[in-house]
Structure formats: C-alpha cells, structure tokens
Amino acid sequence: MNKSVDIICVGEVLIDFIGHEISSLDKTKDFHRFLGGSPTNVAVNAARLGLKSALVATSGSDGFGDYIHQKLHANQVLTTYMRKSLSLPTSVIFVSRSTQTPEFIPFREADREIIEDQLPDALLENAKIFHTTCFALSKDPARMTILNRAHKAKSLGLQMSIDINYSEKIWPNRYEAHQILKDYLSTNPLVKVSDDDCMRLFGEVKSEQTIFDYFHQLGVSTICLTKGKDGVVVSDIHTGTLYRPAIPLKEVKDSTGAGDAFWTGFLFARLHQKSMEECISVAQKLASIKLQNVGRLPDNIRSIEDLM
C-alpha cells in the first residue's frame, strides 16, 4: 500500500515571539512573531523538503490562530487534523534570541487541547512516521490522546519518533514525566534528546553511557544525543555508537529551532533509507543552515541531494 503521508507531527502549535537582538529576556525590548512549536517546525521543515507532512495540533479561534493556519497553508502542511479551540486562546512563548540554549517564558493555552478525533485510524493507516514531543505529553487531554494513538500507530507499523524537549517550566513534576515517557518509549521511537534536555530530565549531569543505557533499557533502539558545538553522538543497538563533530560555523545568528531542523533532516534521510552516518550528516547540515538564519529555513532547500 502506498502511504501518502510521510510524517504526522502531533503536539504544540504556538506563536514564538523571538527577541530582535541577541540578549537576555530582561533586556529585550522588541520581539518578532514567528510560527512556532517543535512539532510544527518539523512539519513545516519536512513540507519544505518535499515531504507530505500533517500537523495534528490546536490553536485558538483568534488572530494568532488565523496567522498559524495561513502560514501552514503557505508551506503546504496538511491542516485537515487541526482544531481551533472555542474556549482557549492560542498559546504563545516569549524567547530570547541566543547563540546558546535560549531563555523562554511560556503561556500555554489551546495547544494542550488535542483530542482523539484529530488522529483517526484512516490517517494513521496512511502515514509512515508518527512524531511528537515531551512538551506535548506534559498536559491532558493531549497527553492521553497521544499515548492512546501512539500505541495504535505502532500496531499499524509506523516508525515512532519523539523529541524529548523536557523542561521543568513546562512539566514541573519530573517523576510524572518519566512515567509518561516510559509509556511512549515502549513503542521504540527514534529518540532525539539534547545535553540540556538530559540535564533537566534527570536533574543532574549524567554520562553519555548512562543516558544511552536508560533509554535502551526502556526499549529504545536508537538515541540521538545532540551536544551543540560539541557535535552529536548516536547510540544504536544494531550499529553501535557513532560520534560526529559539529560543523564549524563563522557566525550563529539564531539557535531557536536548530534542534527541530536537525531532527527533520534525520527523519528526512531515514525516509530515504540512508545509512546512520548519512542521516546524521543530513541532520547536521540542515541544523547548520538554520543556525545561520533567523526564523525559518531559507527557500532554496528542496531535495536530499542538496543535503548529502
């Protein structure tokens, strides 16, 4: 059966207000508006690479919700499974512009209102990858919707995926986060996690091996640990451990969304049945392009050949 949807991205859609100048939030005077949310970024990036991506998410019935839908349509993301909440406004996050991990202040509203009707069997049966985030799993009803439909997706043979973008600001109960993650990780998703995510998730610095052991013991085959300027390490139960240094850059203009660009590149290469080394290479190239651009990726990236 030919599946017409390459990737379903389930989770937060919101407005990012990113600082105009590189500065901490207390010193930032001006903010620019961008379409945001980690799974939203992956859906848009994937569509711009020529993949068919569907976003399953909820905005408010307001001007920001209208802006979100306009941007998604302009980027050819499938919005059939989007909702506009009648009771809650669109979620917004204020983000510092930074060359490192940015500061942020979230105002979460409609993004958590994802219901099971938004993930019908017909969509799951027609897709290849099911991707979500730790952020999306942090609140009900989105949490239970994602967990229930993730197990259905797994039973239908989809490749599962998660960005473990854990933050105590979003999910103060670390113990609960670990329990919910264990449930999702039992579907053996491709895991993307950063050094910063791990520091927040475990509440202390852990060795790479300890991090990899933790996820492997929960049934995960492939873990991608991103380390910013220190590169990336992948642990895979079939191919072993692989390290790649970061691509050197003369200037970093904006780090917001770089992890999402990295993961889009990885999933993009995976869909093209590339080797683990090639998947990491494509991921790093897409992330490096994002780091050199404020806001979204530039328009001239369309094919796997551009990134190999």
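Biologist: What makes Gln-273 count as exposed?
Modeller: Its relative accessibility is 74%. Exposed means over 50% relative accessible area, buried under 20%, and partly exposed in between (1.4 Å probe, protein chains only). Gln-273 is therefore exposed at 74%.

Biologist: How are the numbers and values here to be read?
Modeller: This is a predicted model, in which local features need pLDDT of at least 70 and side-chain atom pairs count only at pLDDT 80 or more, while totals for chains, interfaces and linings use all residues. Residues are numbered from 1 along each chain as its sequence is written, and side-chain values use heavy atoms, with hydrogens and water left out.

Biologist: Which other non-glycine residue has a positive phi of about 60°?
Modeller: Gln-76 does. Gln-76 is in the loop between helix H2 (63-74) and strand S6 (83-85). With a relative accessible area of 59%, Gln-76 is exposed too.

Biologist: Why is Arg-48 called buried?
Modeller: Because its relative accessibility is 9%, Arg-48 counts as buried. Arg-48 belongs to helix H1.

Biologist: Why are H1 and H9 called oblique?
Modeller: Helix H1 (residues 38-48) and helix H9 (residues 258-271) pack at an angle of about 50°, with axes 9 Å apart. Axes are lines fitted to C-alpha atoms, for helices over the stretch in contact, and angles run from 0 to 180 degrees between N-to-C directions. Under 35 degrees is roughly parallel, over 145 roughly antiparallel, 65 to 115 roughly perpendicular, and the rest oblique. H1 and H9 are therefore oblique to each other.

Biologist: Which residues make that contact?
Modeller: Ser-38, Asn-41, Val-42, Asn-45 and Ala-46 of H1 and Asp-260, Ala-261 and Thr-264 of H9 make the contact, where contact means heavy atoms within 4.5 Å.

Biologist: How do H9 and H10 meet?
Modeller: Their axes come within 7 Å and cross at roughly 145°. Among the residues in contact are Phe-262, Phe-266 and Phe-268 in H9 and Ile-280, Leu-286 and Leu-291 in H10. By class, 14 residues of this contact are nonpolar, three polar and three charged. Nonpolar covers Ala, Val, Leu, Ile, Met, Phe, Trp, Tyr, Cys and Pro, charged covers Asp, Glu, Lys and Arg, and polar covers the others, Gly among them.

Biologist: Which residues have the most contacts inside the largest nonpolar core?
Modeller: They are Ile-8, Phe-130, Leu-137, Ile-164, Tyr-184 and Phe-215, in a core of 44 residues. A second, separate core of 42 residues includes Ala-43, Val-232, Phe-262 and Phe-266. A nonpolar core is a set of buried Ala, Val, Leu, Ile, Met, Phe, Trp, Tyr and Cys residues joined through side-chain atoms within 4.5 Å.

Biologist: What does Ile-164 touch beyond its neighbours within four places in sequence?
Modeller: Its contacts there include Cys-134, Leu-181, Val-193, Leu-201 and Phe-215.

Biologist: Where is the cis peptide bond that joins Asp-140 to the next residue named, and what is its omega?
Modeller: The bond joins Asp-140 and Pro-141, with omega about 5°. Pro-141 is in the loop between helix H4 (134-137) and helix H5 (142-155).

Note on methods: Helices (H or I, at least four residues) and strands (E, at least two) are DSSP runs, numbered from the N terminus.
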